[in-house]
Amino acid sequence: MKTLGAKAAAALDQELMSTCAFSIDQLMELAGLSVSQAVYRVQPLNKGRRILIACGPGNNGGDGLVAARHLYYYGYQPTVFYPKRSKNDLYQRLTKQLEDLDVPFVNDFQSALDSTDHIVDAIFGFSFSGEVREPFPSVIQALEQTKIPVTSVDAPSSWNIEDGPPKSGLGSCFMPTALVSLTAPKPLVNHFNGRHFIGGRFVGPSMAKKYGFEIPEYLGVDQIVEVPANVEKL
C-alpha cells in the first residue's frame with residue numbers, strides 16, 4: 001500500500017471538493033465518523049468510556065469535533081479541549097451540536113488528562129509545518145509522557161508529514177497507540193509502529209488511480225480498515 005505525500009494529499013482534497021463535488025462538511029463528517037470507529041476498535045466501551053478529544057483550530061480539529069459527537073451516541077463520555085475556536089460557521093455549528101448534547105469543553109488539558117481513559121489527538125493534520133505554538137506545546141508534551149492510549153487523526157501532532165517525528169525536542173518521543181490515516185497513508189507512517197487504520201470512505205476508483213494509491217477493502221458498513229504499519233513510499 002503506497003503513501004500520499006503532503007502536496008498530493010492537498011491536491012486530492014481540492015479535487016474531491018471540485019471535480020468530485022463533495023462539500024467540506026461531507027468530507028469532515030465522513031472523516032470524523034472514521035475516527036470514531038477507530039476509537040471504538042482501540043478503546044471498546046468496556047475498557048473505559050471517558051474520551052478526551054484535543055482539537056486544533058483547523059480541519060483536523062473539525063474531524064475531532066465530529067468524532068466527539070459520534071462517540072457520544074456510541075455511549076462514550078467525550079470531553080473536548082478546543083482552546084483556539086474557529087469563527088468559521090462550520091466549526092461553530094459542530095461546536096453547538098456538542099454543546100446541545102452537554103458535552104463538556106475544558107480549558108485545562110492536564111486536569112482533563114487525569115480523568116480520562118483515552119485521548120484523541122486531533123490537533124494538527126497533514127498540512128502542519130513550522131513550530132508548535134501556544135497553547136499546544138504543553139499538550140504535546142503531555143501526550144508524549146502519558147501512559148493513557150492515544151489515537152491520532154491523520155498525523156501524530158508535531159510530526160512532519162514526510163519525515164515523521166522531530167529529530168529532537170518537542171514531539172520527538174511522541175508515539176500514539178493508534179493512527180487513523182484519512183484517504184490514504186502519508187509518508188510519516190514509515191516511522192509509526194502502533195495500530196494503523198485507514199479511513200475516509202469517499203474516494204472513487206478513478207481518483208485513486210490518478211493519485212496512484214489503492215483503496216483498501218472496506219467490509220460491510222465499516223468506515224475503517226486496519227492495515228500493517230509498513231507501507232511503500234510514493
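**Close-up views of a predicted model**

**View 1. Asp 63 and its contacts.** Leaving out residues up to four places away in sequence, Asp 63 touches Met 28, Ala 31, Gly 32, Val 153 and Leu 182. Contact means heavy atoms within 4.5 Å. This is a predicted model, where local features need pLDDT of at least 70, side-chain atom pairs count only at pLDDT 80 or more, and totals for chains, interfaces and linings use all residues. Residues are numbered from 1 along each chain as its sequence is written, and side-chain values use heavy atoms, without hydrogens and water. Asp 63 sits in helix α3, residues 59–74 (helices are DSSP runs of H or I, at least four residues; strands are runs of E, at least two; both are numbered from the N terminus).

**View 2. The charge of Asp 63.** Which side chain of opposite charge is nearest to Asp 63? That is Lys 186, 9.2 Å away. Lys and Arg count as positive, Asp and Glu as negative; His and the chain ends are not counted. Asp 63 is buried but has no salt bridge. Buried means under 20% relative accessible area, exposed over 50%, partly exposed in between (1.4 Å probe, protein chains only). A salt bridge needs a side-chain nitrogen of Lys or Arg within 4 Å of a carboxyl oxygen of Asp or Glu.

**View 3. Phe 213 in the largest nonpolar core.** This core has 37 residues, and Phe 109 and Phe 213 touch the most other members. A nonpolar core joins buried Ala, Val, Leu, Ile, Met, Phe, Trp, Tyr and Cys residues through side-chain atoms within 4.5 Å. The largest share, 5 residues, comes from α6.

View 4. Cys 55 is buried, at 0% relative accessible area. Cys 20 is partly exposed, at 29%.
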